[in-house]
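Please examine the sequence and the structure shown below.

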Amino acid sequence: MTGTSIPYHLRQNKAIDRYAFMELISKIDKFCDISEYSYIGFGGHSLEDFKYIHSYFRISKMISIEEDEEVYKRQKFNQPHNCIDCFLKNSSDFITNFQRNDGTIIWLDYTKPSDLRNQIEEFQAIINKLLPFDVIKITLNSHAASYLPAQPGAKSDEIQKLRLEELRKRLGDIFPSAEVTTDMMTQKRFPEALCLVLKFAANLATQGRRDVSFQPITSFSYSDGQEMLTVTGIILDKEQEISFFNKTNIKQWELSNTNWRKPQRINVPNLTVKERLYIDALLPNSEAEVIQEKLGFLFDKNEKLSLEMLKTYVIFYRQSPFFSRILI
């Protein structure tokens, strides 16, 4: 929950995740008036997400939570709008004392793998405090080696077994033993395992509330220095579930994931201006294979990986930012 790591302007994949979040909220806005909601998040030193949320949806009740005092001081200095209340406290204290007064969007943007159990418990606690059509987004560190580094000389299957035991030990009774398996303990599949942990935790949190459910809407994995998993869901009134999806068309949205499938990977190539303009001119009616052939070069020495990156860009080109140097 600190803003002292990688600068926002270097987080290309996280930026795509953020823009996809904005697009999702705009779809939910068709069902309920998002401008009347409150937004709660971990703003970091620049409060970047808060700028977007206020600009896009006119939300004027906003709360940023920060536990690092120096980051908090930077927040106060950089505060872009006077409708943002910045609090110097940890997320646990905030959630314990949180009282819902109106529609809520909350983004639990965690980074520390060592706090995984606490993070999952906070996720469950906030689910229990929210009401139908409140939105929850959670980001977790999904770098497999953060939970158990590779051991020198150890075979990959041994590492996977040890990693599974470590994850089970950390999570205790909120570990879904029946679903998370040893073969998910690789870096490629570890986000999938954490997604199943969130599914299990959300089901536990709502099992006493027969009228509502936690409905996942998107799940993405990406890397901007560290591997991350992000899942966004909504508290749904079961009687209004059909009308919600009919009105928002979320199930027809190409970025949606409403049944806890494997998280969608965000890993776009770092494009020059010329490359992006060329590729964008071929979209949306060209396949990645055709585009790569027309380009005549790869984005990675591994041809398969290069094509995967290009395919990802084809999916996310509308949400992809372009970072460039400017003089002020």
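## Charges over rings

Lys251 lies over the face of Phe245, 4.6 Å from the ring centre. A charge is said to sit over a ring if NZ of Lys or CZ of Arg is within 6 Å of the ring centre and within 35 degrees of the ring normal. Lys137 likewise lies over the face of Trp107, at 3.8 Å from the ring centre.

This is a predicted model, in which local features need pLDDT of at least 70 and side-chain atom pairs count only at pLDDT 80 or more, while totals for chains, interfaces and linings use all residues. Residues are numbered from 1 along each chain as its sequence is written, and side-chain values use heavy atoms, with hydrogens and water left out.

**Aromatic pairs**

- Rings of Phe, Tyr and Trp (its six-membered ring) pair if their centres lie within 6.5 Å; planes under 30 degrees apart count as stacked, over 60 as edge-to-face and the rest as tilted.
- By this rule there are 16 aromatic pairs.
- The ring centres of Phe31 and Phe244 are 5.3 Å apart and their planes stand at 75°, so this pair is edge-to-face.
- Phe31 lies in the loop between helix H1 (12–28) and strand S1 (38–41), and Phe244 lies in helix H9 (residues 241–248), so the pair ties together parts that are 213 residues apart in sequence. Helices (H or I, at least four residues) and strands (E, at least two) are DSSP runs, numbered from the N terminus.
- Phe244 is buried, with a relative accessible area of 0%; buried means under 20% relative accessible area, exposed over 50%, and partly exposed in between (1.4 Å probe, protein chains only).
- The rings of Tyr56 and Phe57 have centres 5.9 Å apart and planes at 45°, so they form a tilted pair.
- Tyr56 counts as partly exposed at 45% relative accessibility, whereas Phe57 is buried at 5%.
- Tyr56 and Phe57 belong to one aromatic cluster with Tyr19 and Tyr52.

**Strand S1 and its partners**

- Both faces of S1 are covered: Ser38 and Ile40 on one side, and Tyr39 and Gly41 on the other, are all buried.
- S1 pairs with strand S2 (residues 61–66) in the parallel sense over four bridges; two strands pair if DSSP finds at least two bridges between them.
- Gly41 stands opposite Ser64 in S2, and Trp107 is the bridge partner of Gly41 in S4.
- S1, helix H2 (residues 48–57) and S2 make a right-handed β-α-β unit. A crossover is right-handed if, with the strands pointing away from the viewer, the path from the first strand over the helix to the second runs clockwise.

- In strand S4 (residues 104–109), six of six residues are buried.
- Thr104, Ile106 and Leu108 are on one side of S4, and Ile105, Trp107 and Asp109 are on the other.
- In a regular strand the side chains alternate between the two faces of the sheet.
- S4 pairs with S1 in the parallel sense over four bridges, and Thr104 is the bridge partner of Ser38.
- Five bridges join S4 to strand S5 (residues 135–141), and these strands run parallel.
- Val135 in S5 is the bridge partner of Ile105.
- From S4 the chain crosses through helix H5 (residues 116–129) to S5, and this β-α-β crossover is right-handed.
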